[in-house]
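Have the structure open while you read.

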Amino acid sequence: MTRRRLEFGDGPSMITGGCLCGAVRYESRAEPITARLCWCRFCQYIAAGNAAVSVCFPTAHMKIAGDTRDYESVADSGNRMHRRFCPACGVHLFSEAESRPHLIFVRAGTLDDPSMIRPAATIWTIKAPPWACIDTSLPTFEGQPPPVA
């Protein structure tokens with residue numbers, strides 16, 4: 001499997017990614033809006049106890065191939081969330097809030113080139129365990145920050 005940023009003629013670059021087993025692949029021609037480290041309890045579960053790193057893209061520019069399962073929940077912010085994962089390998093790929101259907105958050109570890117992003121903020125620090133390593137050079141929010149778009 002080729003893991004790289006693809007260029008398509010004179011058009012914008014393609015950002016690609018997928019799950020561990022390759023059953024789910026995605027691509028976006030839009031650049032990321034932002035990336036954040038999240039310490040909410042749900043993100044700690046999906047990141048094996050650490051903060052989850054999520055990259056925000058406009059939903060309209062995201063193409064997803066393959067079947068995903070949806071875990072629906074209510075976030076600490078009160079937003080009804082749809083968290084999608086690969087049913088074959090279990091890798092968590094996407095989060096979407098019903099209140100912001102124009103945005104999709106992609107887990108940075110699923111990007112073919114995760115080095116292309118740099119988190120812009122750390123959120124839900126109030127939920128972080130005492131041993132958490134929080135980058136003090138980034139803006140931090142104890143809870144849910146203002147919407148990014």
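Start with a definition: buried means under 20% relative accessible area, exposed means over 50%, and partly exposed is anything in between. Keep in mind throughout that this is a predicted model.

With that cut-off, Arg 100 is a curious case: the residue is buried and yet has no salt bridge. The nearest side chain of opposite charge belongs to Glu 96, and that is 11 Å away, while a salt bridge needs a side-chain nitrogen of Lys or Arg within 4 Å of a carboxyl oxygen of Asp or Glu. Arg 100 sits in the loop between strand 8 (92–97) and strand 9. So what is Arg 100 in contact with, leaving aside its neighbours within four places in sequence? The partners are Asn 79, Phe 105, Gln 144 and Pro 147.

**Salt bridges**

Elsewhere, charges do pair up: searching the whole structure turns up four salt bridges. Among them are these:

| Arg 25 | Asp 112 | 2.6 Å |

Take the bridge between Asp 112 and Arg 25. This pair links distant parts of the chain, 87 residues apart: Asp 112 is in the loop between strand 9 (103–107) and strand 10 (121–123), and Arg 25 is in strand 2 (residues 25–28). Asp 112 has 9% relative accessibility and so counts as buried, whereas Arg 25, at 23%, is partly exposed.

Arg 118 lies in the loop between strand 9 and strand 10 and Asp 135 in the segment after strand 10, so the pair ties together parts 17 residues apart in sequence. Arg 118 counts as exposed at 57% relative accessibility, and Asp 135 is partly exposed at 30%.

**Aromatic pairs**

The search finds three aromatic pairs in the whole structure. In one of them, the ring centres of Tyr 26 and Phe 94 are 5.4 Å apart and the planes stand at 70°, so the pair is edge-to-face. Tyr 26 belongs to strand 2 and Phe 94 to strand 8, making this a link between distant parts of the chain, 68 residues apart. Both Tyr 26 and Phe 94 are buried.

Trp 39 and Trp 131 also pair edge-to-face, with centres 6.2 Å apart and planes at 80°. They connect distant parts of the chain as well, 92 residues apart: Trp 39 is in the loop between strand 3 (34–38) and helix 1 (41–46), and Trp 131 is in the segment after strand 10.

**The annotated span**

UniProt, in an unreviewed entry, places the feature "domain: CENP-V/GFA" at residues 15–132. In the model, the end C-alpha atoms of residues 15–132 lie 30 Å apart, and the span is 5% helix and 42% strand.

Definitions and conventions
Residues numbered from 1 in each chain as written. Heavy atoms only, no water. Helix = DSSP H or I, 4+ residues; strand = E, 2+ residues; numbered from the N terminus. Buried < 20%, exposed > 50% of the residue type's maximum accessible area, 1.4 Å probe, protein only. UniProt positions renumbered as here; feature names shortened; annotations may be inferred. Lys, Arg positive; Asp, Glu negative; His and termini not counted. Contact = heavy atoms within 4.5 Å. Phe/Tyr/Trp six-rings, centres within 6.5 Å; stacked < 30°, edge-to-face > 60°.
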